[in-house]
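Subject: Model handover, helix packing and aromatic pairs

Hi,

Here is the model we talked about. Please load it, then read the notes below.

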Amino acid sequence: MSIKQSVLFDAPGPKARARILGTNIVGILIFVAAAFFILKGLSDKGQLAPELWTPFLTAEVWEFTILPGLMNTFKAAAVSIVTSVVFGLLFGVGRLASNATLRWLCGVIVEFLRAVPVLLMMIFFWLLFGQLQVGTPADIPFYAVVVALTLYNGSVIAELVRSGVYGLPKGQREAGMAIGMTRGQSLRNIELPQALVAMLPALVSQFVVILKDSALGYIITYSELLRSMQIYGSAGPILQSLTVAAVLFIIINFALSWVANWLSRFLSSRTSGKAEPLTTQPMAVKV
């Protein structure tokens, strides 16, 4: 049986594989034992009683609690994904501009926003929009969540764009300039499209981060899934409510992670060993 060798690590030998297998078995046994003791403790305290869990199977709880919370979560995540991509592209291209002042300004903004915790930004904009009376009081938490997620994740996407372009072979830009393109035209027409394809799996992974971070909106009273379940559970089954919310988040994030992994494998299979010579796709040059 052939073993694929990693670029960074040697293929493990028989003893190393035996140690890895033994470590995995021990880890699984520890996990099973911990899960058993946790479930036993919950059962002894009556937290696994069917009457505490069956309400989450009713249409009423889903209609008035779970689905509205999910819709608000998806709404904040969807708007933040679009605005983060726009922000990231603008500032990512700005960090690649030929103008040194523009590069420095975009770099300072991106590095500052990456360093500020997203929860701190949510609280700051929530208080700021409240003082400025931006929109109705019910909409202010939504605006604060979207702005904070946009600034933080947009700065991360901007860095992905910059690193993606820098990761391309230098011959790409030289080939573009050799046929009469300017540096900006080469960036827009040759380098940036290739960088976007290369960073697509990482971009989808960042979308998972946006969806997860939207749950922080419950701290500023945004009625997303976690806050809806917290309010419902405040009447009694708080552990069960938070568990159901956690399971829903895990399922959604697992689905998005699967999409990211599928994109990574798909793009790798499309690009590996299939490069065509430059002369097979001649490019018209406008005079």
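A crossing is called left-handed if the near helix is turned anticlockwise from the far one by less than a right angle. The crossing of α4 and α6 is left-handed in that sense. Bear in mind that this is a predicted model.

Helix packing

Helix α4 covers residues 100–115, and helix α6 covers residues 140–166. Their axes lie 8 Å apart, at an angle of about 125°. The two helices are therefore oblique to each other. On the α4 side, the contact uses V110, E111, L113 and R114. On the α6 side, L151, Y152, S155, V156, A158 and E159 take part. By type, the contact of α4 with α6 has six nonpolar residues, one polar and three charged.

Aromatic pairs

The structure holds seven aromatic pairs. One of them joins F124 and F125. That pair is edge-to-face, with 5.2 Å centre to centre and 75° between the planes. F124 counts as partly exposed because its relative accessibility is 48%. F125 has a relative accessible area of 13%, so F125 is buried.

F142 and Y222 form a tilted pair: 5.9 Å centre to centre, 40° between the planes. This pair links distant parts of the chain, 80 residues apart. F142 sits in helix α6, while Y222 is in the loop between α9 (200–213) and α10 (225–233). F142 is buried at 15% relative accessible area. Y222 is buried too, at 6% relative accessibility.

Last item: ring pairs link F124, F125 and F129 into a cluster.

Best wishes

Note on methods. Residues numbered from 1 in each chain as written. Predicted model: local features only at pLDDT ≥ 70, side-chain atom pairs only at ≥ 80, totals over all residues. Heavy atoms only, no water. Axes fitted to C-alpha atoms, helices over the stretch in contact; angles between N-to-C directions. Helix = DSSP H or I, 4+ residues; strand = E, 2+ residues; numbered from the N terminus. Parallel < 35°, antiparallel > 145°, perpendicular 65-115°, else oblique. Contact = heavy atoms within 4.5 Å. Nonpolar A, V, L, I, M, F, W, Y, C, P; charged D, E, K, R; others polar. Phe/Tyr/Trp six-rings, centres within 6.5 Å; stacked < 30°, edge-to-face > 60°. Buried < 20%, exposed > 50% of the residue type's maximum accessible area, 1.4 Å probe, protein only.
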